[in-house]
Every structure is written in structure tokens, then in C-alpha cells.
Amino acid sequence: MNKICLAAVLALALSGCGVGRVAPQASLFDLGPEAPAAVQLPSRSAIVLAYSAAAALGDTGVIWRVGDSTTPKAYAGFRWTEPPSSLVRQRLQERLSREGAVLADSAGTGAPQLRVTLMRFEQVFAPDGASSQGQVVLQAVLLQDGKLLGQRRFARQAAAPTQDAAGGVAALRQATDAAADDLAAWLASVLPPRAG
């Protein structure tokens, strides 16, 4: 009887030590539902969106750094549902489609081509760690029939409500939406409104 009790106690103790345990799943984030547009813009003709992103943004890690450090890091246990490159492309397509069609390729339409590159998408902490911002940088070039119609860099930042991964995600969502609104407004200023 004592041997059976001892074996049961040992089994319980070993199970409590983590033998055979599986690591907890990472918490997953996305950019949430699309925010309302800041300004109502006129309708425009179709555009072609050619999108790319910096190589570092092809992974699902939630990136952060301190100040102007050259050492980016990723939170352990927190990930994006898709790489930031994909999440931002989806958000831009959603936002720009409010004013007109957004095509994946020209298919001989002669529509203006908007080339957008996501350059930066990360949470940046102040050196003392007391505050942080979500920072998003887009580079946009607008072409039609090989002619440059305009180019612009959009840099947006938003304060994180908390100094952790969830706060960084909230700030990046806000900064992404603001950059998408800026891009839409710039297109409205460069392209003529759609007739009729």
C-alpha cells in the first residue's frame, strides 16, 4: 500500500515539474477591423497597386527596439497572425478601395500604377522605457505609362497606451490607419476625380 502511495506521489511530482509539457501557444495579433476614414475623398479611377516590404517585415514577430538602436528585437510569445507585410497590404487595399478600384496588376488597363514599399513597422521605446510609439513608414511612387506622376514618403507614429506587446500593436494599428489615410489623400491630390 505504501509503495502504491509513493508511486502516486512521485507521478504527481513529476507531472508538476513540466516533464512532457508543451510550451504555451503564442498570443496572436492582427490590425483589427478597418477604422473609419478620417476625411471623405472624391471618387477616382482605378489604380494598380504594386506592393513590397522590407525583408525584415516578412516574419510574424512583433518587432520592438529602444530609441535609435540598431538592434531590433521580437517579443517572445507574441506574434502577428500574418507577416506585417501582408497585414499592411490588406489594410492599404481596404482603405484605397473606398475611392475607386484597386487592381492587382495592370492587365493592359493603362491605369496608374501605385508602387508602395513598407519600410518600417515597429514599436520604438524611449531610452528610459517609460513610453513607446508605433512607427510606420511607407514610400510611394505613382507612375502612368512609364511617366512619374509623383512620389512621397509617409511616416506616421502613434503613442502606445501600454508599454508591452499589446500596447505596441494598438499603436501600430493607429499609425497604419493614419498612413493609409495620408496615402489616400495624396492620391486624391495627384489624380483627377472620376468623371460622372
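Me: Which hand does the crossing of helix 2 and helix 3 have?
Reply: The crossing of helix 2 and helix 3 is right-handed, meaning the near helix is turned clockwise from the far one by less than a right angle. Keep in mind that this is a predicted model, where local features need pLDDT of at least 70, side-chain atom pairs count only at pLDDT 80 or more, and totals for chains, interfaces and linings use all residues. Residues are numbered from 1 along each chain as its sequence is written, and side-chain values use heavy atoms, with hydrogens and water left out.

Me: At what angle do the axes of helix 2 and helix 3 cross?
Reply: Roughly 45°, and the axes come within 10 Å. Axes here are lines fitted to C-alpha atoms, for helices over the stretch in contact, with angles from 0 to 180 degrees between N-to-C directions.

Me: And what sort of residues make up the contact of helix 2 with helix 3?
Reply: They divide into seven nonpolar, one polar and five charged. Among those meeting are Arg95 in helix 2 and Asp181 in helix 3; contact means heavy atoms within 4.5 Å.

Me: Is Asp181 buried or exposed?
Reply: Asp181 is buried, at a relative accessible area of 16% (buried is under 20%, exposed over 50%, partly exposed in between, with a 1.4 Å probe and protein chains only).

Me: What else is Asp181 in contact with?
Reply: Leaving aside neighbours within four places in sequence, Asp181 touches Ala37, Ala38 and Arg95.

Me: New topic: where is Gly110?
Reply: Gly110 sits in the loop between strand 5 (102–103) and strand 6 (113–125). Gly110 is partly exposed, with 36% relative accessibility.

Definitions and conventions:
Helix = DSSP H or I, 4+ residues; strand = E, 2+ residues; numbered from the N terminus. Nonpolar A, V, L, I, M, F, W, Y, C, P; charged D, E, K, R; others polar.
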